[in-house]
Amino acid sequence: MGYDFTVYRGSKDGSIKKATTHRDDLQGDSVLVRVTHSGVCYTDVHYMTSDMALGHEGAGVVEATGPDVIYLKKGDRVGWGYEHDCCGHCKQCLTSQETFCPERKFYGLADFDQGSFATQAVWREAFLFQIPDGLNNEDAAPLMCGGSTVWNAMVVGNVKPTSRVGIVGIGGLGHLAIQFAAKMGCEVVVFSGTESKKDEAMKLGAREFYATKGAKELKIGKPLDNLIVTMSTQPDWKLYLDVLAPSAVISPLTVDNEDLKFPYMPLLANGLRIQGSVVAPRQSHRDMLEFAALHNIKPIIMTYPLNEEGIQDCLKTLEEGKMRYRGVLIADK
């Protein structure tokens with residue numbers, strides 16, 4: 001028999017198409033999840049014109065479990081993110097770096113017939129995350145990618161409670177990065193194009209705020225130990241050179257197909273490090289959810305119905321740069 005459920009797919013013209021997919025009876029550690037909420041990430045905009053099921057910030061409730069499932073049971077609240085599977089035996093998998101596994105299954109690269117824009121989904125228990133009691137599904141969904149991405153940048157960038165952290169951009173990623181860094185005890189310095197988001201940034205935990213539009217140089221207090229870039233395009237890297245401490249770590253989170261062009265000699269002379277990262281590996285992801293629940297870190301969201309019209313409206317809002325700051329699709333009860 002198996003399971004038939006609704007998914008929402010992209011298409012060549014960018015319109016959202018309602019479709020049905022099928023999964024056989026649950027085997028191994030497979031889990032059937034009823035989707036209650038889905039976050040919407042700009043990556044979903046990139047895949048709107050692809051013939052695939054959309055969505056990768058899922059949150060829902062366990063409806064059934066396979067014979068090898070150990071920890072999850074019917075009724076548990078769970079979420080999932082960008083990675084769906086890995087080989088489990090390569091060097092990366094055995095050193096908690098499974099997001100770099102050569103056989104990893106990522107959104108947009110595998111499992112094209114199911115996503116979080118759906119009524120249900122079937123994933124391995126090993127790649128589902130229990131949602132802590134301190135988070136509801138609506139707030140947890142955007143953390144499954146947005147939260148995981150900025151958290152991992154801080155982990156691999158060696159952010160410490162004593163770090164002075166610069167965050168460039170206040171959007172879907174940036175507003176979460178401000179909260180995480182502030183709750184870690186860091187001095188948070190925010191850079192945005194204009195003053196329009198200053199009050200909001202300060203309420204989220206920023207200590208300092210600087211508008212950068214038209215600026216030829218930046219004058220701030222002490223130099224920065226970390227710079228986390230969350231803009232939709234690459235910044236003017238030269239603008240930030242003089243505000244970075246020696247050995248500072250730069251974490252570029254912008255999805256951009258252009259080459260990275262960075263001043264060469266300042267990189268060498270100041271021992272700067274440009275650190276790439278993707279979403280968090282699983283244990284780090286669990287840590288992120290627990291930290292968010294403990295410190296009441298929540299995304300600022302706009303909500304839409306989880307149907308064709310709602311998805312289209314949400315993606316349009318995001319594409320036009322009008323989202324404050326993460327879209328969340330809500331399924332009918």
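Where is the place of S96 in this chain? Its place is in the loop between helix 2, residues 91-94, and strand 7, residues 105-106. One caution before that. This is a predicted model.

Let's start with the whole chain. The secondary structure comes to ten helices and 17 strands. There are 333 residues, and for that number a compact globule would have a radius of gyration near 20 Å. The protein chain has 20 Å, so the two agree. Its C-alpha atoms fill a box of roughly 65 × 40 × 35 Å, taken along the principal axes.

Buried residues make up 56% of the 333. The chain exposes about 15,400 Å². Carbon and sulfur atoms supply 48% of that area.

Next, contacts. Residues 24 or more positions apart account for 67% of them.

And charges. The chain has 35 positive and 41 negative side chains. The centres of the two sets lie 6 Å apart.

Let's zoom in on strand 3, residues 30-40.

V35 lies in strand 3. V35 is buried, because its relative accessible area is 3% and the cut-off is under 20%. What does V35 touch, not counting residues up to four places away in sequence? The list has A59, G60, W80, S116, A118, T119, Q120, A121, L306 and A331. For a sense of distance, look at V35 and Y240. They are 205 residues apart along the chain, and their C-alpha atoms are separated by 42 Å.

T36 is found in strand 3 as well. T36 is buried too, with a relative accessible area of 12%. Its side chain makes a polar contact with the side chain of H37, at 2.9 Å. Not counting residues up to four places away, T36 touches A59, G60, V61, N137, L329, I330 and A331. Find A59, G60 and A331 on your screen. V35 touches those three, and T36 touches them as well.

Then S38, also in strand 3. Is S38 buried or exposed? Buried, with a relative accessible area of 0%. The side chain of S38 makes a polar contact with the side chain of S116, at 2.7 Å. Leaving aside neighbours within four places, S38 is in contact with E57, S116, F117, A141, G327, V328 and L329.

Over to strand 1, residues 3-9, where we find R9. R9 carries a positive side chain by our count. Still, at 18% relative accessibility, R9 counts as buried. The backbone oxygen of D51 lies 2.9 Å from a polar atom of the R9 side chain. D51 is also among the contacts of R9, and so are S15, I16, K17, A19, M52, A53, L54, F112 and D113. How far is R9 from H37, C-alpha to C-alpha? The gap is 17 Å in space, and 28 residues in sequence.

Now a helix. Helix 5 covers residues 174-183. Eight of its ten residues are buried, so helix 5 is largely enclosed by the rest of the structure. The buried ones are G174, H175, L176, A177, I178, Q179, F180 and A181. What covers them? The cover includes helix 4 (146-156), helix 6 (198-204) and helix 9 (282-294). It also includes strand 10 (164-168), strand 11 (187-192) and strand 17 (326-330). Just after helix 5, G185 takes a positive phi of about 100 degrees.

That brings us to the backbone. Most residues other than glycine have a negative phi, and most peptide bonds are trans.

S96 is not a glycine, yet its phi is positive, about 60 degrees.

N296 is another non-glycine with a positive phi, near 55 degrees. N296 sits in the loop between helix 9 and strand 16, residues 301-305. N296 is exposed, with a relative accessible area of 51%.

Last, a peptide bond. The bond from R324 to Y325 is cis, with omega near -15 degrees. Where is Y325? Y325 is in the loop between helix 10, residues 308-319, and strand 17.

Definitions and conventions:
Residues numbered from 1 in each chain as written. Predicted model: local features only at pLDDT ≥ 70, side-chain atom pairs only at ≥ 80, totals over all residues. Heavy atoms only, no water. Helix = DSSP H or I, 4+ residues; strand = E, 2+ residues; numbered from the N terminus. Buried < 20%, exposed > 50% of the residue type's maximum accessible area, 1.4 Å probe, protein only. Polar contact = N/O pair within 3.5 Å; in protein donor to acceptor, adjacent residues only side chain to side chain. Contact = heavy atoms within 4.5 Å. Rg over C-alpha atoms; globule rule 2.2 N^0.38 Å. Areas by Shrake-Rupley, 256 points an atom, 1.4 Å probe, with all protein chains shown as cover. Charge placed at Lys NZ, Arg CZ, Asp CG, Glu CD.
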